[in-house]
Amino acid sequence: MSTQPATKPSTGASVNHLVLNVRDIEASHRFYTELLGFEQCAELRHTMTMRFYRGDPSHHHDLALVEINEPAGAAPPDAWSMEPKRVGVNHIAIAYPDRESWLEELRHLRANGVEFAVRGNHGMTHSAYIADPDGYGIEVLYNLPEEVWAGDVDAALNYFEYLPPSEELDDTTEYQRFGPDEEPPVAVAGRVVTRESRGAG
């Protein structure tokens with residue numbers, strides 16, 4: 001029997017930064033700076049090829065890239081899919097501060113030939129999914145107002161309205177709302193997935 005006092009984790013934890021192993025740091029640098037808008041703020045000058053990036057000058061860094069040893073021998077990346085095939089990172093979510101900046105970012109990506117693998121409206125974000133040069137899935141999003149999803153976050157997370165990736169880059173502000181006093185969303189085959197339709201499968 002343990003004589004150690006009972007402990008519990010601290011509250012308030014958050015994800016501080018992300019470090020990705022990449023094959024070609026120059027290709028990844030261009031992707032994260034020229035396409036997604038991150039700023040390189042530092043570079044490790046010993047032991048490995050590593051660069052640091054941030055989305056806002058008030059942050060020390062949000063993202064780092066590390067070039068792997070012997071990149072020429074690395075296997076090509078899998079085509080990204082939300083459906084997992086092996087253990088690892090499924091996708092990385094990158095948020096823009098508001099609807100207007102998000103739409104501007106989508107137009108920038110499309111103008112630069114970036115393919116949208118999936119587009120759609122979650123109950124708490126509106127999102128587009130792309131892949132980086134190493135096949136990491138990237139969710140480009142903006143957060144919906146808290147009052148939209150806070151009444152039932154589980155239902156909001158189980159909601160998804162598919163939009164054809166080639167559809168006109170527009171965005172509705174008639175958000176589906178979630179909570180005990182809200183009309184529940186209606187599932188539509190091939191278009192809208194809800195908590196109930198997920199459970200029925």
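In what order do the 4 strands of the open sheet stand? They run E1-E4-E3-E2, and the pairing is mixed. This is a predicted model, where local features need pLDDT of at least 70, side-chain atom pairs count only at pLDDT 80 or more, and totals for chains, interfaces and linings use all residues. Residues are numbered from 1 along each chain as its sequence is written, and side-chain values use heavy atoms, with hydrogens and water left out.

**The open sheet**

- A quick word on terms: helices (H or I, at least four residues) and strands (E, at least two) are DSSP runs numbered from the N terminus, and two strands pair if DSSP finds at least two bridges between them.
- Strand E1 (18-22) and strand E2 (39-44) sit at the edges with a single partner strand each, so one side of each has no neighbour in the sheet.
- Neighbouring strands here are turned by 25° against each other on average, direction ignored; the axes behind that angle are lines fitted to C-alpha atoms.
- E2 pairs with strand E3 (residues 50-54) in the antiparallel sense, over 5 bridges.
- Within that pairing, Glu43 has Arg51 as its bridge partner, and Leu44 stands opposite Met50.
- E2 and E3 make a hairpin with 5 residues between them, and Thr47 in the turn has a positive phi of about 65°.
- On to E4: E3 pairs with E4 in the antiparallel sense over 4 bridges, and there Arg51 has Leu65 as its bridge partner.
- E3 is mostly covered, with 5 of its 5 residues buried, where buried means under 20% relative accessible area, exposed means over 50% and partly exposed is in between (1.4 Å probe, protein chains only).
- Met50, Phe52 and Arg54 point one way from E3, while Arg51 and Tyr53 point the other way.

**Aromatic pairs**

- The structure holds 6 aromatic pairs; rings of Phe, Tyr and Trp (its six-membered ring) pair if their centres lie within 6.5 Å, and planes under 30 degrees apart count as stacked, over 60 as edge-to-face and the rest as tilted.
- One of them is Trp80 with Tyr129, a stacked pair at 5.5 Å centre to centre and 10° between the planes.
- That pair links distant parts of the chain, 49 residues apart: Trp80 is in the loop between strand E4 (63-67) and strand E5 (91-95), and Tyr129 is in strand E7 (residues 125-131).
- Trp80 counts as buried at 15% relative accessibility, and Tyr129 is buried with a relative accessible area of 2%.
- Trp102 and Tyr142 have ring centres 5.1 Å apart and planes at 55°, so this pair is tilted.
- Here too the pair links distant parts of the chain, 40 residues apart, with Trp102 in helix H2 (residues 99-111) and Tyr142 in strand E8 (residues 137-143).
- Both Trp102 and Tyr142 are buried.
- Phe31, Tyr32 and Phe38 form one aromatic cluster.

**Nonpolar cores**

- In soluble globular proteins, nonpolar side chains tend to be buried together.
- A nonpolar core is a set of buried Ala, Val, Leu, Ile, Met, Phe, Trp, Tyr and Cys residues joined through side-chain atoms within 4.5 Å.
- The largest such core has 30 residues, of which Tyr32, Leu36, Leu109, Ile130, Ile138 and Val140 touch the most other members.
- The elements giving two or more residues to this core are E1, helix H1 (25-35), E4, E5, H2, E7 and E8.
- Leu109 touches Leu35, Leu36, Val114, Phe116, Ile130 and Val140, leaving out residues up to four places away in sequence; contact means heavy atoms within 4.5 Å.
- A second, separate core has 5 residues, including Ala155, Tyr159, Phe178 and Val192.

- Asp98 lies in the loop between E5 and H2 and counts as partly exposed at 34% relative accessibility.
- The Asp98 side chain reaches the backbone nitrogen of Glu100 at 3.3 Å, and one of its polar atoms lies 2.8 Å from the backbone nitrogen of Ser101.
- Asp98 and Leu141 are 43 residues apart in sequence but 9.0 Å apart in space, C-alpha to C-alpha.
- Asn158 lies in the loop between helix H4 (153-157) and strand E9 (160-163), and is buried with a relative accessible area of 19%.
- The side chain of Asn158 reaches the backbone oxygen of Asp154 at 2.9 Å.

Note on methods
Axes are lines fitted to C-alpha atoms, for helices over the stretch in contact, and angles run from 0 to 180 degrees between N-to-C directions. A polar contact is a pair of N or O atoms within 3.5 Å; within protein, one must be able to donate a hydrogen and the other to accept it, and residues adjacent in sequence count only if both atoms are side-chain atoms.
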